[in-house]
Amino acid sequence: MSDYFEMIKEYTLELNCEHSFTNEEEGVLVIAKENAGIKNLVLAMADPILIIEQFLFEIKAESVNLFRDLLKKNRDIVHGAFALDETGKKVIFRDTLQLENLDLNELEGSINSLSLLLSEYSDELIQFSKN
């Protein structure tokens, strides 16, 4: 796990991400790239995969329209997807990548996908968080 941790840590530094939390023993990094709209992006190594999660908003009132809109938008997301956390009340962006063959470009693609989602879909995400 330690080799993967160091690799991911180096990749995130190469991508100009800031580390707000690191725990090598648990295989967890929390990063920010604020110029891309990303803050508190969790990278968790669970060999054989890297789990990437970003909290987006909390659901205040469940509605079929909300879930329908999120599922429709999932189709447009290049890497990753909208998901619910284990409570079913928080909407997160989630992506998973294979650790064994992971390269810098692949991790960058996932981070860029989240950044693009946040910039293109920000008005809708704000509206969802208010309802």
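Contact is taken as heavy atoms within 4.5 Å.

1. Basis. This is a predicted model, in which local features need pLDDT of at least 70, side-chain atom pairs count only at pLDDT 80 or more, and totals for chains, interfaces and linings use all residues. Residues are numbered from 1 along each chain as its sequence is written, and side-chain values use heavy atoms, with hydrogens and water left out.

2. Phe-82. Not counting residues up to four places away in sequence, Phe-82 touches Leu-56, Leu-70, Lys-73, Asn-74, Ile-77, Val-91, Ile-92, Leu-117, Tyr-121 and Leu-125.

3. Core. A nonpolar core is a set of buried Ala, Val, Leu, Ile, Met, Phe, Trp, Tyr and Cys residues joined through side-chain atoms within 4.5 Å; buried means under 20% relative accessible area, exposed over 50%, partly exposed in between (1.4 Å probe, protein chains only). The largest such core has 35 residues, of which Ile-8, Leu-50, Phe-57 and Phe-82 touch the most other members. Among the elements that each supply at least two residues are helix 1 (2-14), strand 4 (49-58) and helix 3 (104-120). Helix 3 gives the most, with five residues. Helices (H or I, at least four residues) and strands (E, at least two) are DSSP runs, numbered from the N terminus.

4. Helix 2. Leu-66, Leu-70, Lys-73 and Asn-74 are buried in helix 2. They lie on the same side of helix 2 because they cover an arc of only 110° around the axis, taken from the directions from the helix axis to the C-beta atoms. Val-64, Leu-71 and Lys-72, on the other side, are exposed. The buried residues of helix 2 pack against strand 4, strand 5 (81-84), strand 6, helix 3 and helix 4.
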